Amino acid sequence: MTPECSRVMDRLGEALPPDLAAHVANCQECQVVTGGFEFISGPSPAPTAPASASSDDEDDEDTLPGQFDARRFALETLAKQPKARPWWHGLVLLVGVHAATVGVGLMLLSRDFWVGNAAHSSIVVGVAILILALLGAGTYIALSPHRRVVPWVAVLATSGALGLTVVLTGSGQQGRAFLAGLVGCMGTELAVTVVPLAVTLVLLSRSAFHPVRALAAGLSAGAASLLVLHLHCPDGTASHLLWGHVVPWLGLGGIAVLLRSRMPTSSHAP
Amino acid sequence: MKPASAPVRTGDDSGRASVAPESDEVLMARFCEGQALAFDALFQRHSRQVRGYLTRLTGSASTAEDLVQLTFMSLVRSRGRFLAGSRFKPWLYAIATNAARDFQRRGRRPEELTPEGELPTGVADEGPGPRDVGLERAVRQALDALPEGQRIPILLHRFEGMGFAEIADTLGLTESAVKVRAHRGYTRLRELLATLRTETLE
């Protein structure tokens, strides 16, 4: 599409200036587009609503169909909460839940030591910061009312890169037997994620379902437990980190999408 | 050429008259502050157009009626998600589009389907005045044959009178992406309508 074609698109249905009219005369694509536009120019004005006799209010000629119910709902909502609660209240709540989950998880798991990861302290701190950054970004993407949605590939690439970083920066230190360690860490990850994931899903149901947002939210909720495991788990072999930490975390993202898609939506706002 | 927003019907109520000349964004800000009259004005200003859009999008007037309710209830529940400085109409149509998508994703009500379990191809239109019913049916069939990504931009552009910037805002896309979709949609529509016209003549 050339810039002239784009200008023609902007002025569809209006009288074209001479330069654009000349362009249309010579551009087959624009002729087809303007033809398609004109084809549907006449018919199909906005259909009128079917007659409804659901309420007395609708006898009032000034009241539109459905207005009685909508107004009643608006009044009830305003009575409960006169001023709108800003969207970021949910964001603050969820970040708080994530932070509390990490804190409580570490307290419950750490009897003798807070950090069991035997890798160099700078690596432990660096990876922890990356996990925290993803946790915050994922929560923001999930709950932000901005309509421009982050593409799938960006969310998948970022989470994949973080997973790879976690696996490659392990201490290499062998802990328990592979299967025992795997079951223990997977169970811990699931248990720690229950509360943040539940709160996340409740908050997600208050806006329109969008799979990428749900994935980001699930990965963010799972990142809380990934952080707990990253700090606490002394097993630093790549296979353990991959199958016991990263794969369950990615799975939690998928579970979040699945659960959200089956939940009712209380509001379809973006 | 494109339809303009319907004026607010204020009636005799002086309270309503006081909010009539305000822009949608100002009304929405007042509603967020707790003024129910601002909601009335927004409903009166937009509900008919939203109903028309949803009827075209879903192919069912009764479904559209339900979805209009859902749209405005969502507006009430999520008024805190309306960002100051953003435009109201794209936000409202984004809600309506999401409601229709959710409805279609979860499956239609049995009474909305034909005995063969298919979507109805036409919508009973009770609008006044003589119209070319055959052409309307052809346009509807052609629109229904478009993929959603092309159909929604065309519905918003051609029938709701929205500019491409507003449509982009509604759908969370770039303006150029919307133009490309609409361009492809109009091209495909012309092909489909030419085919349908040929079939009708034969």
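How much area do chain A and chain B bury between them? In this predicted model, the two chains bury about 6,300 Å² between them, and 60% of that area lies on carbon and sulfur atoms. Three residues, Phe39(A), Arg147(A) and His268(A), supply 13% of the area that chain A buries against chain B, more than any other three residues.

**The interface**

Contact between the chains involves 69 residues of chain A and 74 residues of chain B. The count of residue pairs in polar contact between chain A and chain B is 20. Two or more residues on the side of chain A that touches chain B come from each of helix H1 (3–10), helix H3 (28–39), helix H4 (67–80) and helix H10 (238–262) of chain A. H4(A) gives the most to this side, with 9 residues. Sorted by class, the side of chain A that touches chain B holds 34 nonpolar, 21 polar and 14 charged residues.

Side chains of opposite charge can pair when their charged atoms come close. Across the interface of chain A and chain B there are 3 salt bridges. Arg71(A) and Asp40(B) meet in a salt bridge through their side chains, at 2.2 Å from N to O.

**Chain B**

Chain B has 9 helices and 0 strands. Of its 202 residues, 52% count as buried. The accessible surface of chain B is about 8,700 Å², with 53% belonging to carbon and sulfur atoms. Among the contacts in chain B between residues at least 6 apart in sequence, 62% join residues at least 24 apart.

**Salt bridges within the chains**

Over all chains, the count of salt bridges is 15.

| Salt bridge | N to O distance |
|---|---|
| Asp19(A) and Arg7(A) | 3.2 Å |
| Arg30(B) and Glu22(B) | 3.0 Å |
| Glu191(B) and Arg188(B) | 3.2 Å |

Asp19(A) lies in helix H2 (residues 18–26) of chain A and Arg7(A) in helix H1 of chain A, so the pair ties together parts that are 12 residues apart in sequence. Asp19(A) is partly exposed at 44% relative accessibility, and Arg7(A) is partly exposed at 38%.

In chain B, Arg30(B) is partly exposed, with a relative accessible area of 25%, and Glu22(B) is partly exposed at 21%. Glu191(B) and Arg188(B) are 3 residues apart in helix H9 (residues 175–201) of chain B, which means that about one helical turn separates them. Glu191(B) counts as partly exposed at 40% relative accessibility, and Arg188(B) as partly exposed at 39%. A network of salt bridges links Asp102(B), Arg105(B) and Arg106(B).

Thr139(A) belongs to helix H6 (residues 121–143) of chain A. Thr139(A) counts as buried because its relative accessible area is 1%, under the 20% limit. Its side chain makes a polar contact of 2.6 Å with the side chain of Ser220(A). Leaving aside neighbours within four places in sequence, Thr139(A) is also in contact with residues including Leu91(A), Leu94(A), Val95(A) and His98(A).

Ser159(A) is found in helix H7 (residues 152–168) of chain A and is buried at 2% relative accessibility. A polar atom of its side chain lies 3.1 Å from the backbone oxygen of Leu156(A). Not counting residues up to four places away in sequence, Ser159(A) touches Leu134(A), Leu219(A), Trp249(A) and Leu250(A). Ser159(A) and Trp249(A) are 90 residues apart along the chain, with 9.6 Å between their C-alpha atoms.

Definitions and conventions: Residues numbered from 1 in each chain as written. Chains lettered and ligands numbered in written order. Predicted model: local features only at pLDDT ≥ 70, side-chain atom pairs only at ≥ 80, totals over all residues. Heavy atoms only, no water. Contact = heavy atoms within 4.5 Å. Buried area = accessible area lost by both parts, 1.4 Å probe. Salt bridge = Lys/Arg side-chain N within 4 Å of Asp/Glu carboxyl O. Polar contact = N/O pair within 3.5 Å; in protein donor to acceptor, adjacent residues only side chain to side chain. Helix = DSSP H or I, 4+ residues; strand = E, 2+ residues; numbered from the N terminus. Nonpolar A, V, L, I, M, F, W, Y, C, P; charged D, E, K, R; others polar. Buried < 20%, exposed > 50% of the residue type's maximum accessible area, 1.4 Å probe, protein only. Areas by Shrake-Rupley, 256 points an atom, 1.4 Å probe, with all protein chains shown as cover.
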